[in-house]
Amino acid sequence: MHLTRKKIVPALLLLAALTGLLMTTVFAEGEGAGYVSMFAQSPLSLLPPVLAIVLALITKEVYTSLFAGCLVGGLMYANFNPVVAVTSTFDTMVAKVAENLGIVVFLVILGIIVVLMNRSGGSKAYGDWAKKVIKTRRGALLATMVLALVLGVDDYFNNLTTGNVMRPVTDSHNISRAKLAYMIDSTAAPVCIMMPISSWSAAVSGVADQMEGISGLQLFISAIPFNYYALLTIFTLIVLAVFDLDYGPMKIHEDNAKKGDIYTTPERPFEGADDESKNSANGKVADLVVPVIVLIVSCVSGLLYTGGFFTAGHEYFLNVLDAFANCTAPNGLMYGSFVALLFAFIFYMVRRTMTFAQFADCIAEGFKVMVPATLILTLAWTISGVTNDLLGATDFVAGAMRSVAGGLQNFLPAIIFLVACGLAFATGTSWGTFGILIPIVVNTFGADAGTILTIGLAACLAGAVCGDHCSPISDTTILASTGAQCYHLNHVKTQLPYALTVAAVSFVNYIIAGIIQNVVIDLIIAFASMFAVLMLMRFVFDKKTVGAAEKS
């Protein structure tokens, strides 16, 4: 039937009136003090992130999968009321972006600095120099790991800076972007969680300090030798580089990279980002190294500044730990990166490697480069907020943790490790995970429990890092993909077999540590078992490769 304008206008007005009435009714119901979601603090509260992860892996569509997970979580929170579902989801998105706005600004400024380093010719000059100094694939991988170890003060900063500095080097040695993303992701959080002077140490110590009879920093330091996932991940990186060992999807990516294709899959959103046709031919190594050094110094100074280190009356150099404990990482990194951007502007103008108009073009280009990462981060923060803040998934996991604590004290570290892994994987946050579980761990063992408490805390921290490392919706995983300029799902799928291998060995060693409780013996067993498993993997995959070659 053909609708005339006279019929359409009244129909639209009626529809608008009904919508307004529905929204008024819904909001009136939603504002009641007794409103509770039927899914709150239930096993199904973990459904939204699990659904998003499964959809992303099946469809290879990251944005739509994450958004679908957000909306499903909103519907569950709203008891399937569509208006409340949409408004609560977008309200959560706005709140989370506002909470993490400093990271978004830091990300954009760093993108601008990276484009500037490329356009000035600094990245190319550094890559050419590195080819002469670092002559092997093994050397390039180990150099990447060493730089990430040096930058272990903050995982966001670590992922982005290491990836952008080492990308020209790894590209020149035909190392896949997936392998680079794995290398920087596997040294960012694992290093930070063992670094006494870092934002992570501050976060852990801050949670533990709130409990009576506990020194957060002392407990954090004593847990380092028992943090098997972090220790064994770094050990695995060394073994993989030295023995040129790859397996699973990573082997496909590395085999293709050796033939010249560093991306492997058709999805390559960052291809052409380092287009050298627009770059200056007069670039020097200093055009990359000097801005990076200024960036490191200014970002660390920014972290210290937000922690009150430069406040008048403080005894300098005696309050570094206190400053990191009180710092606001997003703001500190934002301030530091802005100082580095101002320096880069002056530096490149003085060097005359680019004009003011070219500098202005780099600002817009830097925004464009970081749009995919910003969008994924926004959706990941939203789904985490819906899952934790609206559906109370962390409260459900905390309750489940308490219910399994009794009578299993020696095996409890291994259980804690698994619970922390699952929670961090589903929510995409390691900080939120140990923020929830540390008080439960301390209360379960008791503040004076000694070594077993230390092992339990280490298992909590290790599990949080492991789950965060594996999760596609983790901000550090997303930033590792961004720093390496690797398609996000390629990074997730290629690193997962390695992460799960280390996780399995760590789980077994937490069972052993809960029984033996001797730091030296437990460490020897941990490293020996990890090396044995990796050598077994090498033998199995080398045998498969030989068999396939003989058949062909």
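I began with Lys 179, which is buried at 1% relative accessibility (buried means under 20% relative accessible area, exposed over 50%, partly exposed in between, with a 1.4 Å probe and protein chains only). The model is predicted, so local features need pLDDT of at least 70 and side-chain atom pairs count only at pLDDT 80 or more, while totals for chains, interfaces and linings use all residues. Residues are numbered from 1 along each chain as its sequence is written, and side-chain values use heavy atoms, with hydrogens and water left out.

I then looked for the partner of Lys 179 and found a salt bridge to Asp 246 at 2.9 Å, N to O (a side-chain nitrogen of Lys or Arg within 4 Å of a carboxyl oxygen of Asp or Glu). Lys 179 sits in helix 9 and Asp 246 in the loop between helix 12 and helix 13, 67 residues apart; helices are DSSP runs (H or I, at least four residues), numbered from the N terminus.

Asp 287 is buried at 0%, whereas Arg 351 is partly exposed at 30%.

Last, I turned to the largest nonpolar core, which has 134 residues, Leu 116 being among those that touch the most other members (a core is a set of buried Ala, Val, Leu, Ile, Met, Phe, Trp, Tyr and Cys residues joined through side-chain atoms within 4.5 Å).

Terms used: Helices (H or I, at least four residues) and strands (E, at least two) are DSSP runs, numbered from the N terminus.
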